[in-house]
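Thanks for making the time, everyone.

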Amino acid sequence: MSLKRVLSFVLFLSFASGSLIYASDDARPNVLFIAIDDLRSQLGCYGDPRMVTPNIDRLAEAGVLFEQHYVSQPICVASRAALLTSLRAERTKGNAGWAKVPGVQTIGRTFGDSGYFTAALGKIWHLAGGKFKDSVLDRFDVEWNRPLESRYGDPELSAIWENEDESSKRKKGQLPAAEDPLDVPDEAYGDGLLALESIKVMNQAVESGKPFLLMVGFYKPHLPFNAPKKYWDLYDPNNLPGTPELEDLPEGGSQFQLRKKHDLWGYQEGFTFKNPPAGDAAQHLRHGYAACISYVDAQIGKVMAELDRLELTDNTIVVLWSDHGFQLGHLGSWTKLTNFEMTAGSPLIISAPGFAQDIKTKKIVESVDLFPTLLDLCGLEDLTVTDGVTLRPLLQNPSSSDWNEPAFHAVNRGGKVGHAVRDERFRYIEWRSGWGDAGKVLDVELYDFQKFPEERVNVAGNPEYQSERDRLAKLLWTWE
């Protein structure tokens, strides 16, 4: 058993008689889990003062902000599967393999079986049509995925809504990657409707008389970058947050990092691997990305305001999480699915009653830790099969010197898999001809964040790093 797991087990026992182990449903805390798609750490609370994100920043002031949180695989499907089952991509081989793991549990079914009212609204699991079926072993009392026929009785907005239907229009080149800003209400786009539905379901949960697990999955800032004009107007296109991007692949970086087909290709602008966004087109995309973040922040503010209005804040654990980061030309890449810091890492904030507030920690944590953490804080039984541990120790002492284990993540390039381990100083990557250590080693990368904090140089071939390379090569396969 790893040191991190030993520490978590000891602390769990030592706090088992504390105020957050509950004997009845009435005493158990609620959980509001806010998932955001494609959000990198481009937020005011993460140190970008040009970003307008007052609601997320306020949430950070009420809890613990994790500066080094890593997803299991930086792409929507696999990242969400790891979050919702607490199983690493290394175990499940990526997207759907989790369903075959003996003893696997899913978050909706587990909380529901424990007496919670459960709801999954918007993008939680990444499934066709947003449907949550027993065939994928999960279950929620309420499931909602922005129905196209609804529009909340406003037919004048239907054309805008249809323009956001990326799946049917993008491949035909009918949809712009970054739509020119339109002067429309928040509800013209899906996340505005999602905020309204979340408020409605929160009240329904209260009426049930049960504690609730309310999972709200916002779609923006996922492509296409469209948000009401007022959010575009928050930013000066000549002085955008997050820029300049370092647009070249790191010196000695693996060519496997370059993703030749991904979300951006196929839009109206005609971007391809050989014709990536540049100049004004790239800046327009970056502007739209920032606008979408502020748009989502405003929707989060509406949901949080309802939590306050219902006087639930003091008994509700709030988690804000993103399924992965996002690159806007940074290190030669666009969108996601690389092993670089900007995509493998993503924002994570946990605000839990009775725990630390308004503090940041650089301790390394993983998405697979969140399911066990919520079970622990809600006084529910531990998972029988998990790759994660409770984050309770860090919520109580974010600077704990005993918490020092690494994060593991992976990228699949059509069967060529980049297996990665990140510790406090280094990221080590082995590109192999398949999942696991039996595959042939195709390439190796090693990044020293102390000497090159911007991940600009692959030092794997430098003899001065041989001992670290050997150490990390062994550490990489201790993920289980």
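Start with the surface. The protein chain exposes about 18800 Å², and carbon and sulfur atoms supply 50% of that. These areas come from the Shrake-Rupley method with a 1.4 Å probe, and for residues only the protein chains shown count as cover.

Now the ground rules. This is a predicted model, where local features need pLDDT of at least 70 and side-chain atom pairs count only at pLDDT 80 or more, while totals for chains, interfaces and linings use all residues. Residues are numbered from 1 along each chain as its sequence is written, and side-chain values use heavy atoms, with hydrogens and water left out.

Next, the overall makeup. The protein chain has 14 helices and 14 strands. Both are DSSP runs, numbered from the N terminus: helices are H or I with at least four residues, strands are E with at least two. Of the 480 residues in the protein chain, 59% are buried. Buried means under 20% relative accessible area, exposed means over 50%, and partly exposed lies in between, with a 1.4 Å probe and protein chains only.

What about contacts, meaning heavy atoms within 4.5 Å? Take those in the protein chain between residues at least 6 apart in sequence: 74% join residues at least 24 apart.

On to the open sheet. Eight strands form it, in the order β4-β3-β5-β1-β6-β9-β2-β10, with mixed pairing. Its edge strands are β4 (142-144) and β10 (359-366), and each pairs on one side only. Two strands pair if DSSP finds at least two bridges between them. Neighbouring strands here are turned by 15° against each other on average, direction ignored.

Zoom in on β3 and β5. Strand β3, residues 117-122, runs parallel to strand β5, residues 212-218, and six bridges join them. A120 stands opposite M215 in β5. Helix α8, residues 190-208, lies across β3, β4 and β5, and runs at about 175° to β5. For that angle, axes are lines fitted to C-alpha atoms, for helices over the stretch in contact, and angles run from 0 to 180 degrees between N-to-C directions.

Now the interior. In soluble globular proteins, nonpolar side chains tend to be buried together. A nonpolar core here is a set of buried Ala, Val, Leu, Ile, Met, Phe, Trp, Tyr and Cys residues joined through side-chain atoms within 4.5 Å. Which members of the largest core touch the most others? Of its 65 residues, they are L32, I34, L214, F225 and I300. Helix α10, residues 279-309, gives the most to this core, with 14 residues. Leaving aside neighbours within four places in sequence, I300 contacts I34, I36, I56, F218 and L320. A second, separate core has 43 residues, including V104, W125, F371 and L375.

Six of the seven residues of β12, residues 416-422, are buried, so β12 is largely enclosed by the rest of the structure. On one side, β11 (residues 407-413) pairs with β12 in the antiparallel sense over seven bridges. A410 stands opposite H419 in β12. These two strands form a hairpin with two residues between them, and G414 in the turn has a positive phi of about 60°. Strand β13, residues 426-432, is joined to β12 by six bridges, again antiparallel. R422 stands opposite R427 in β13. That hairpin has three residues between its strands.

Note on methods. Contact means heavy atoms within 4.5 Å.
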